[in-house]
4 protein chains.
Amino acid sequence: MKKAIFLVQCPDQKGILAAITSFFASRKFNILHCQQYTDVRENQYFTRIVLDITNMSFTKQQLEEEFKSFADTLDARWSVRYSDTKQRMAILVSKTSHCLYDLLVHLQDGDINCEVPLIISNHPDLEEVAAKFRVPFFCCPILNGDKKAQEKEILALLKKHDIDLVVLARYMQVLSDNFIQQFPEKIINIHHAFLPAFQGGNPYVRAWERGVKMIGATAHYATADLDEGPIIEQDVERITHEADPDDLKRIGKDIERRVLTRAVRAWMDFRIITSGRRTIVFSA
Amino acid sequence: MKKAIFLVQCPDQKGILAAITSFFASRKFNILHCQQYTDVRENQYFTRIVLDITNMSFTKQQLEEEFKSFADTLDARWSVRYSDTKQRMAILVSKTSHCLYDLLVHLQDGDINCEVPLIISNHPDLEEVAAKFRVPFFCCPILNGDKKAQEKEILALLKKHDIDLVVLARYMQVLSDNFIQQFPEKIINIHHAFLPAFQGGNPYVRAWERGVKMIGATAHYATADLDEGPIIEQDVERITHEADPDDLKRIGKDIERRVLTRAVRAWMDFRIITSGRRTIVFSA
Amino acid sequence: MKKAIFLVQCPDQKGILAAITSFFASRKFNILHCQQYTDVRENQYFTRIVLDITNMSFTKQQLEEEFKSFADTLDARWSVRYSDTKQRMAILVSKTSHCLYDLLVHLQDGDINCEVPLIISNHPDLEEVAAKFRVPFFCCPILNGDKKAQEKEILALLKKHDIDLVVLARYMQVLSDNFIQQFPEKIINIHHAFLPAFQGGNPYVRAWERGVKMIGATAHYATADLDEGPIIEQDVERITHEADPDDLKRIGKDIERRVLTRAVRAWMDFRIITSGRRTIVFSA
Amino acid sequence: MKKAIFLVQCPDQKGILAAITSFFASRKFNILHCQQYTDVRENQYFTRIVLDITNMSFTKQQLEEEFKSFADTLDARWSVRYSDTKQRMAILVSKTSHCLYDLLVHLQDGDINCEVPLIISNHPDLEEVAAKFRVPFFCCPILNGDKKAQEKEILALLKKHDIDLVVLARYMQVLSDNFIQQFPEKIINIHHAFLPAFQGGNPYVRAWERGVKMIGATAHYATADLDEGPIIEQDVERITHEADPDDLKRIGKDIERRVLTRAVRAWMDFRIITSGRRTIVFSA
């Protein structure tokens, strides 16, 4: 079965669900799944609609043009993705492999559905992990402190490989605003703390020093403000006083990888709409 | 704002969402909230629709009659509830008070929305708890082992007080089939184990003996088969070898009460549809 | 069985466990339970020892004097509590009752073991809750903005009733440094956020605005720095984008009360040692 | 630092901790860590003691002989392991790789500390996974239904490679009693359900049919009675009605692998003592 998935956001208004469903029904589409959310505080309506387009009698372009005309009447912001077009993900890493492995294993098992044309790192360490899964590995070190040149190199690679989503799987460099602006809502980062607690560096040591009783991890969109982007997924684990910072780091690795993998999965399923600093993440 | 909430279940079919939304749109209703679920394995479609009926120009009876005609064309099983009609709950207890307190405190805080015209027990012990919250308390002991007579007495009370939902808040008697059949999907029980593990008596001791590493509780509809009714809500807590059966009992009390309270809340929100042995519980 | 519970903290040193156990064994005490923790980073040793003192052949004062001499050789900071001396807890509240109820219900069930000679509030609202459980209720409002006078009144009540632990069960006033210093490690506060995230006011609204995917609560010792005291217990619950600030508040109430109750229970069990900003909380 | 770890179980008796610590103190050992548990119901005492043996002035054999004499006076069952002797683990698999990957990734990161001389499977499918981590892979298929011959082949491999622990990482064959008896408390299995719920085959489909609201996984020692061995670790995840059996399987994979990895880690840390059907798992 071929599917189209629409994500739509617009000011809330009477009869909106009937209008949207009628739009598709009158064109003989079967709505396979429809999820909605109304943000009463902001007066915004959000919906995710999955259509069966297996026997669609017109082109995708026609569908999109007609929907655009309709969406304009609702003052809607919208996007569509098709199940027969695979998304392309680049994974950026530094030296630690736990998140990278988790993504690759889930990809191999078909539990995340996309293509990974390349892995990029500022260090050569994880070349072998990439090789294990036969994914091309590009090492883009920062030479002579020239980060601008390095980012240019990475951006060229991303462009060349038609990348839809950039995943920072414990990539230990802060990206420039310029870089980030080229991938709006298309860069997912994993922060090794339960944001907004412990923004910035060394969160596990700081968590130990503060004596928290649970530690966590946060997957969020990268934005110009470090660790301030919209949160996609978080999780925590209970710890005791017995856990020292090394234990927190070890325990945290398992939290980080499952949080990042879930966030990437939600993105690939086209289940996320961003609304200011918040995300609507429709259930799987 | 006055609301009507419809729960609808029918065989899945093309265009069903559009049909339902059109039904309401053509009658000038604003759909405030619409949640759906399609059970692909059983080919069943489920929806929960919340309407604004504040300025409805016809009667509830008219609305229901028109919806009935429409629903018949879908071969649908459905029900409707109105926000201006408070549901009436009876709480049945025996000797332990933790679940009873939790329900009463949530009711008092407005976190569960219903009326509680009476508390019934087979023992006099919890009379004072009922008195604290000024809820009439009826003690219906089983005299001379005549359980049939006792159930008759309880049924009369429930009928007299127009009870919509019966909550077994650690009521330690098994209800007869006859009793249960008079309240289909209207009796919620709390079992102090993570069903289907440890059905029947003494689950905490058995959990200790089996050496499980987590204990749980289950809220479910009471059916003729003990502990076999459709599950509404479950939760667990991690335990260690240090916890003895008394600790499990104490820890379990906190699980039981939050599980039962959540289930009752879901029922009062009209968020539950039963499908065979499964429940669809729409999110809050 | 009568018990003595020792909490001991000292610089880590070779043979320390043998030394401590020998101290008690040579005096014919049976050690019922012994828990230890070594903080390698700070080179500190912590232990909690439970003794059977049912047939102790000397006085508590003798025991303490002898242990003091011994502890001095270890450069230890220590304290002891006896199972036949009930601790006395004062509960301070303002207008919301959920934490208060939870403490009172657990006390009534014997799941927290102490006496509650009084409840104090700066508002009259919860007088009835106190009355339900027959606990004296004192209303100490802040008159003409004279907080100093009000604190003096409260301090007099605490002194008069020989209070060992002050529990701030959603008491909405910041206590002065002077007040806090009179109860070192004897004031437990519940903050309605997962500290160090959302310190200060309005945490649920700020959590909603930040778009976190879990909310939490934190029980901690009150110190001069607001929300900066050593953390005793934390817990969280998963939320979705559907939860608005009112939902967060409602969900949060259930987290707050279980976190505060667990912390109070740990304190009453004499299971907590403070080490700088961290707490060692031995398992139950 | 070289360490010895003792696990001791004996009838509870007065002065036992002092006796054990004195035994080591009189031989100039520094006790780095001591954990205890008393099972009051069964009157059994359990302890785990970690010694610094870096500068031990006698042989391991001498230490063990002297401890044996001492332990006999306590009627104790005991064992000892040394940090300079790496344990050897064999992983048995069939066709699914998620648990295997998790073990290998944790081993590679040093988060599980042991050697893996070989991976054995009844199918050739996972040869490549083993190759990625350069672990020898042996395919032992069941030929002509002769399971006895296959087990003999596996047992020979385990013997030849001096295997201490056998991990069934979704190995889909039931082992014979004869096989199991040769590795008492040395075979860890992962069952893809929250035991004792859903023992036996197809637990995810049965969980779906029963309509549970959480699914889980259980790591346990393999014993003659299938799925009845002592439980080492369990975990769960919350699911909704939207999850079909395939979703449960996918979600379950993440639970299975973390549960199995934690159990293997506990075994390798020498933190587990079995007591009848229960396990004492000392904290990490």
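## One residue and its surroundings

Modeller: C:Trp78 is partly exposed, because 19 other C-beta atoms lie within 10 Å of its own. A residue counts as buried at 20 or more such atoms and as exposed at 12 or fewer, so a count of 19 falls in between. Keep in mind throughout that this is a predicted model.

C:Trp78 sits in strand 4 of chain C, which covers residues 77-82. Which residues does C:Trp78 contact, leaving aside its neighbours within four places in sequence? They are C:Phe6, C:Leu7, C:Val8 and C:Ala71. For C:Lys68, the figure is a distance: C:Lys68 and C:Trp78 are 10 residues apart along the chain, and their C-alpha atoms are separated by 8.4 Å.

D:Val40 belongs to the loop that joins strand 2 (30-39) to strand 3 (44-52) of chain D. D:Val40 counts as exposed, because it has 9 C-beta neighbours inside 10 Å and the limit for exposed is 12 or fewer. In sequence, D:Val40 and D:Asp12 are 28 residues apart, while in space their C-alpha atoms are 8.4 Å apart.

Next come the backbone angles. Most residues other than glycine have a negative phi, and most peptide bonds are trans. With that in mind, look at the loop between strand 9 (187-191) and helix 7 (203-210) of chain C, where C:Phe198 is found. C:Phe198 is not a glycine, yet its phi is positive, at about 55°. C:Phe198 counts as buried, because 24 C-beta neighbours lie inside 10 Å.

In chain B, the loop between strand 9 (187-191) and helix 7 (203-210) holds B:Pro196. The peptide bond that leads from B:Leu195 to B:Pro196 is cis, with omega near 5°. B:Asn202 is in the loop between strand 9 and helix 7 of chain B too. Its phi is positive, near 55°, and it is not a glycine. Is B:Asn202 buried, exposed or partly exposed? B:Asn202 is partly exposed, because it has 13 other C-beta atoms within 10 Å.

Chain D has a cis bond to report as well: the one from D:Leu195 to D:Pro196, with omega near 5°. D:Pro196 lies in the loop between strand 9 (187-191) and helix 7 (203-210) of chain D.

Now the helices. Helix 5 of chain C runs over residues 147-160, which makes 14 residues. From first C-alpha to last it reaches 20 Å, close to the 20 Å expected at 1.5 Å a residue. After helix 5 of chain C comes C:Asp162, with a positive phi near 55°.

Helices also pack against each other. In chain D, the axes of helix 3 (residues 98-108) and helix 8 (residues 245-268) come within 9 Å and cross at roughly 45°. That angle makes helix 3 of chain D oblique to helix 8 of chain D, and the crossing is right-handed. On the side of helix 3, the residues that meet helix 8 are D:His98, D:Cys99, D:Asp102, D:Leu103 and D:His106. Their partners in helix 8 are D:Lys253, D:Glu256, D:Arg257, D:Leu260, D:Thr261 and D:Val264. By class, the residues of this contact are four nonpolar, three polar and four charged.

In chain A, helix 7 packs with helix 8 (residues 245-268) at about 125°, their axes 9 Å apart. Helix 7 of chain A is therefore oblique to helix 8 of chain A, and it passes helix 8 in a right-handed crossing. A:Tyr204, A:Val205, A:Ala207 and A:Trp208 in helix 7 meet A:Pro245, A:Leu248, A:Lys249 and A:Gly252 in helix 8. This contact has six nonpolar residues, one polar and one charged.

Last, the contacts between chains. Chains A and C touch through 25 residues from chain A and 25 residues from chain C. On the side of chain A, helix 7 (203-210), strand 11 (231-238) and strand 13 (278-281) each supply at least two residues. That side has 12 nonpolar, four polar and nine charged residues.

Chains C and D touch through 11 residues from chain C and 11 residues from chain D. Helix 1 (16-25) and strand 2 (30-39) of chain C each give at least two residues to the side of chain C. Helix 1 of chain C gives that side its largest share, five residues. By class, the side of chain C has five nonpolar, five polar and one charged residues.

Note on methods: Residues are numbered from 1 along each chain as its sequence is written. Chains are lettered from A and ligands numbered from 1 in the order in which they are written. This is a predicted model: local features need pLDDT of at least 70, side-chain atom pairs count only at pLDDT 80 or more; totals for chains, interfaces and linings use all residues. Helices (H or I, at least four residues) and strands (E, at least two) are DSSP runs, numbered from the N terminus. The expected span of a helix is 1.5 Å times one less than its number of residues. Two residues are in contact if their C-beta atoms, placed from the backbone, lie within 7 Å. Ala, Val, Leu, Ile, Met, Phe, Trp, Tyr, Cys and Pro count as nonpolar, Asp, Glu, Lys and Arg as charged, and the others, Gly among them, as polar. Axes are lines fitted to C-alpha atoms, for helices over the stretch in contact, and angles run from 0 to 180 degrees between N-to-C directions. Angles under 35 degrees count as roughly parallel, over 145 as roughly antiparallel, 65 to 115 as roughly perpendicular and the rest as oblique. A crossing is left-handed if the near helix is turned anticlockwise from the far one by less than a right angle, and right-handed if clockwise.
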